[in-house]
Amino acid sequence: MPDAFLAGRPSYVDFFRYLAERGEYSADLEAELSRTIEDTRREMRFERTRPDGRVIEVRRNPVPGGGFVLIYSDITERKRAEEAIRGARDAAETALRDLQTAQASLLHAQKMAALGQLTAGIAHEIKNPLNFVNNFAGLSVELLGELRAAAAPAISALDDDRRAEIDETIEMLTGNLAKITEHGRRADGIVKSMLAHSRGTSGDRQLADINALVDESLNLAYHGARAQDQNFNITLERDFDATIAPIELVPQDITRVFLNLFGNGFYAANKRRQKMADAPFKPTLRVTTRERGGAIEIAVRDNGVGIAPEHREKLFQPFFTTKPTGEGTGLGLSISYDIVTQEHSGTIAVDSRVGEYTEFTIRLPRAGTGARKDR
Amino acid sequence: MSVSILVIDDESDVAELFRQRFRRETRQGTYVLHFALSAEEGLDKLAGGIRPQLIVILSDINMPGMDGLALLREIKRTRPDLPVMMVTAYGDDERRRRASEYGAASFITKPVDFDVLKAQLRQLSASPA
């Protein structure tokens, strides 16, 4: 403050105006002034930003016996440092959130991989005893046939009642063994699916045309479903991106993923048709392929019954199924998950609305561009 | 003339299964079956001499103690001309590769297809080692 001004012993109001002219205060000068001089015994502290951008802290300390001291400090640097700290903290918090999200998805992937290994491990353990069951059941059918042939003369010599009794017993035994064989074969099929979890990355990678692969799988799934159920029908829509260049993948495994997804879509769409009985409804499955630069995307959308929100979390877990016993093993999606995420470093996402649609979206990075999950 | 087959598997029911599956052949005197519950026991039997002439060894891979692949190497060292077939529930590429590297005559995955196995044995007994 210039000495000349101070030498004139200015009143506080003059002093205030001088500062205001210098641009210390905001627009409403009078209001601020009256507030400031209202109670000079009170300690005050405020900050203001001058037009030149410097930040000034003004502290008013009352002194004993009346009056006060005003202390002006330039705190521009402190403010800037505080701002920088705040920015750094925000960045750190964002990074932490990202890290937590990544950790959650990593944990999920690890959990799924562990479940897959466990599944394959259990399958190995079950396979051996199951082989014995199937083998001895098959053998017993043969042995029973031999017994019947060897005992035929003796049996024919018996009276009618006794012969009927023995014939019935042998028939029931044969029937039971046939059932053991049948269910053993069913269990063997499940064990084989479970073992698919352990194959890891043994498949051969080759350059493949994804549209051709999708098309081939669609035909396979469609005719498979028709063969199982004469009444089955569905409209297939293909929305293929013709610009997609060949991509390196394990064709038989990706085909397996497609067959699972298409089969599920067929099932859901037809379940909705059955529910709607008479109402006009056209079961439809649409497959879309897109080039996404460094990755390709395949979306499989059906207009079926949809997936209940409470089922969505368990969708990729081994043995989770909503199908009736005997119709689904609950392994299709868990194996698909393994194939897409572990073997191909891709992602698989699901979007669904109950009673309207379900859409699975698979994203496969091109080799060398995707972040590898394995270390 | 009868020939012998030695089956090595730590699961004793495997012996029962082979006995029943080969009941006609043993009754007719085509084959004489011998069993061992470990690789060590198998080597002992081999050292003791097996009669009639042994034409093949069928061995499991996963066994406590010496495993089937180690047994295979040992047999190939002492009896290089004796065919050894590996039988396992684990049909992975790595085991398959090592079995063939060590000189296994064939690699059979469980459950054993006995029709295929018998066809292979007929070929062996037609040209005994």
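**Sheets, helix packing and the chain contact**

In the predicted model, A:Val300 stands opposite A:Phe360 of strand S10 of chain A. The strands concerned are S8 (residues 295-302) and S10 (residues 357-365) of chain A, which pair in the antiparallel sense over eight bridges. Both belong to an open sheet of five strands in chain A, ordered S5-S7-S8-S10-S9 and with mixed pairing. The edges of this sheet are formed by strand S5 (235-239) and strand S9 (347-353) of chain A; each has a single partner strand, so one side of each is left without a neighbour in the sheet.

Helix H6 (residues 210-228) of chain A touches S5, strand S7 (284-291) and S8 of chain A, and the direction of H6 makes about 165° with that of S7(A). Helix H9(A) lies across S9 and S10 of chain A and runs at about 135° to S9(A).

Helix H9 (residues 332-343) of chain A also meets helix H4 (residues 76-156) of chain A, the two axes coming within 10 Å and crossing at roughly 125°. H4(A) is therefore oblique to H9(A). The crossing of these two helices, H4(A) and H9(A), is left-handed. On the H4(A) side the contact involves A:Ala109, A:Met112, A:Ala113 and A:Gly116, which meet A:Ser334, A:Tyr337, A:Asp338, A:Thr341 and A:Gln342 of H9(A). By class, the residues of this contact comprise four nonpolar, four polar and one charged.

A further open sheet in chain A consists of three strands in the order S1-S2-S3, with antiparallel pairing. From one strand to the next, the twist averages 20°. S1(A) and strand S2 (residues 55-62) of chain A run antiparallel and are joined by six bridges. Within this pairing, A:Arg45 has A:Arg59 in S2(A) as its bridge partner.

Between the chains, eight residues of chain B are in contact with ten residues of chain A. Helix H1 (residues 12-21) of chain B supplies four residues, the largest share of the side of chain B that touches chain A. That side of chain B has four charged, three nonpolar and one polar residue.

Methods:
Residues are numbered from 1 along each chain as its sequence is written. Chains are lettered from A and ligands numbered from 1 in the order in which they are written. This is a predicted model: local features need pLDDT of at least 70, side-chain atom pairs count only at pLDDT 80 or more; totals for chains, interfaces and linings use all residues. Two residues are in contact if their C-beta atoms, placed from the backbone, lie within 7 Å. Ala, Val, Leu, Ile, Met, Phe, Trp, Tyr, Cys and Pro count as nonpolar, Asp, Glu, Lys and Arg as charged, and the others, Gly among them, as polar. Axes are lines fitted to C-alpha atoms, for helices over the stretch in contact, and angles run from 0 to 180 degrees between N-to-C directions. Angles under 35 degrees count as roughly parallel, over 145 as roughly antiparallel, 65 to 115 as roughly perpendicular and the rest as oblique. A crossing is left-handed if the near helix is turned anticlockwise from the far one by less than a right angle, and right-handed if clockwise. Two strands pair if DSSP finds at least two bridges between them.
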